[in-house]
Amino acid sequence: MSSLLRARKLYNIPGNDYIPNGFLRAIGPKLAEAVAQLVNICWVLEYFLVRFKETRTVVLYKPGKSLYSDPGAWRLIVLLNIIGKLIESLVTKRLSRTVEKYKLLPDTQIRTRSGRSTKTALELLTSQVKIIWGSGKFVALLLSLDISGAFNTINSTRLLDILRRKGPID
């Protein structure tokens, strides 16, 4: 629990509870103890308090947009209850440990698993495609894959050159 508090930015804008992370961190071990007990109670009762689900939404205008009437000109920021976020984080950790301990997911499941990332998914995909290409018996077909987040730092000129060298897909 203490590590969750330390990982949070001190001065994020608080949600409906108006409690900043810095205040929670200053309380320290006593708060960690209280929230851990609350998590255990929520776990046993299989209930998440409605109060912790409440949000506050702030609407900001995106710079560089020309029309205020365009919905894409606005950015919605949803501010969550801080204690609720801590409870959700602890429950998520508990569920993740259980899922990994009992091997409840296939090895090909990548999203939200410790030690796996977009890079892992791309490595798995490219290795499977290379195996298929190398076999000479099968065709690799990819209908749709949203990997835009994987290429936010890639050299686009180099990527295009590699794709041109690969040639057209028949």
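What you have is a predicted model, in which local features need pLDDT of at least 70 and side-chain atom pairs count only at pLDDT 80 or more, while totals for chains, interfaces and linings use all residues. Residues are numbered from 1 along each chain as its sequence is written, and side-chain values use heavy atoms, with hydrogens and water left out.

**Overall fold**

- The protein chain has six helices and two strands; these are DSSP runs, numbered from the N terminus (helices are H or I with at least four residues, strands are E with at least two).
- Going along the sequence, the pattern reads α-α-α-β-β-α-α-α.
- Of the 170 residues in the protein chain, 18% are buried (buried is under 20% relative accessible area, exposed over 50%, partly exposed in between, with a 1.4 Å probe and protein chains only).
- Take the contacts in the protein chain with a separation of 6 or more: 50% of them come from residues 24 or more positions apart (contact means heavy atoms within 4.5 Å).

**Helix α3 on its own**

- Helix α3 covers residues 29-45, and its 17 residues should span 24 Å at 1.5 Å a residue, which agrees with end C-alpha atoms 24 Å apart (the expected span is 1.5 Å times one less than the number of residues).
- On the buried list for α3 are L31, A32, V35, V39 and C42. They cover an arc of only 95 degrees around the axis, so they sit on the same side of α3 (the arc is that of the directions from the helix axis to the C-beta atoms).
- Turned away from that buried side is a face with the exposed residues P29, K30, Q37, V44 and L45.
- After α3 comes E46, with a positive phi near 55 degrees.

**α3 against α4**

- Helix α4 (residues 82-101) packs with α3 at an angle of about 65 degrees, and their axes are 10 Å apart (axes are lines fitted to C-alpha atoms, for helices over the stretch in contact, and angles run from 0 to 180 degrees between N-to-C directions).
- On the α3 side, the contact is made by L31, V35, L38, V39, N40 and W43, and on the α4 side by I83, L86, I87, L90, V91, R94 and L95.

**N21**

- N21 is found in helix α2 (residues 21-27), and N21 is buried, with a relative accessible area of 5%.
- Leaving aside residues up to four places away in sequence, N21 touches R8, K9, L10, N12 and I82.
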